[in-house]
Amino acid sequence: MNQGDIYEVYLDPTIGSEQSGRRPAVIISGNLVNSLVNTVIICPLTSKLKHYQGNLIVEPTSENGLPQTSEVMTIHIRSIAKERLKTKYGKLTKPEFNQVVESLNKIIRF
């Protein structure tokens with residue numbers, strides 16, 4: 001379980017407007033943390049594109065393994081137990097991951 005990997009996750013149960021259900025998510029926590037604790041920090045993806053400013057839109061490739069075009073929902077960042085991680089799809093490229101980090105930085109700054 002490494003930073004930038006995309007896994008199928010199960011986010012239920014949720015409350016209110018939290019992203020729910022079974023969906024892909026990208027791991028954003030660092031590899032050292034991922035190896036030491038029983039949780040990972042993720043950003044869920046959605047195939048219902050919102051085109052929120054700064055969000056990465058990811059086209060399916062053999063590297064990311066996604067079944068359809070998806071948007072990384074950085075505003076829905078959350079920590080989850082590793083048990084919620086199921087099948088690994090693939091991973092983001094370094095430039096794609098950097099765009100996710102930049103979007104997170106903007107959320108934190110503003």
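## Basis of the model

Residues are numbered from 1 along each chain as its sequence is written, and side-chain values use heavy atoms, with hydrogens and water left out. In this predicted model, local features need pLDDT of at least 70 and side-chain atom pairs count only at pLDDT 80 or more, while totals for chains, interfaces and linings use all residues.

## Salt bridges

The model has 3 salt bridges, a salt bridge being a side-chain nitrogen of Lys or Arg within 4 Å of a carboxyl oxygen of Asp or Glu. Side chains of opposite charge can pair when their charged atoms come close. One of the bridges joins Asp5 and Lys88, with the closest N and O atoms 3.6 Å apart. This pair links distant parts of the chain, 83 residues apart: Asp5 is in strand E1 (residues 5-10) and Lys88 in strand E7 (residues 85-91). Helices (H or I, at least four residues) and strands (E, at least two) are DSSP runs, numbered from the N terminus. Asp5 is buried at 4% relative accessible area, whereas Lys88 is partly exposed at 44%. Buried means under 20% relative accessible area, exposed over 50%, and partly exposed in between (1.4 Å probe, protein chains only).

Arg22 and Glu8 form another salt bridge, at 2.6 Å from N to O. Arg22 lies in strand E2 (residues 22-27) and Glu8 in strand E1, so the pair ties together parts that are 14 residues apart in sequence. Arg22 is exposed, at 58% relative accessibility, and Glu8 is buried, at 10%. Arg109 also bridges to Glu102, where the closest N and O atoms are 3.3 Å apart. Here Arg109 is exposed at 52% relative accessible area, and Glu102 is partly exposed at 35%.

Glu71 is in strand E5 (residues 70-72). The side chain of Glu71 reaches the backbone nitrogen of His51 at 2.8 Å. A polar contact of 2.9 Å also joins the side chains of Glu71 and Asn55. A polar contact is a pair of N or O atoms within 3.5 Å; within protein, one must be able to donate a hydrogen and the other to accept it, and residues adjacent in sequence count only if both atoms are side-chain atoms.

## Strands E3 and E6

Strand E3 (residues 39-46) runs antiparallel to E6 and is joined to E6 by 4 bridges; two strands pair if DSSP finds at least two bridges between them. Val40 stands opposite Ile80 in E6.

In a regular strand the side chains alternate between the two faces of the sheet. Strand E6 (residues 78-81) has Arg78 and Ile80 on a covered face, and Ser79 and Ala81 on an uncovered one. Arg84 lies in the loop between E6 and E7 and is partly exposed, at 23% relative accessible area.

## Nonpolar surface patch

Leu32, Val33, Leu36 and Val37 form a nonpolar surface patch with about 390 Å² of accessible area together. Patches are made of residues with over 30% relative accessible area and no salt bridge: like charges are joined within 9 Å, nonpolar side chains (Val, Leu, Ile, Met, Phe, Trp, Tyr) within 5 Å. Accessible areas come from the Shrake-Rupley method with a 1.4 Å probe; for residues, only the protein chains shown count as cover. Leu36 is in helix H1 (residues 31-36) and is exposed, at 63% relative accessibility.
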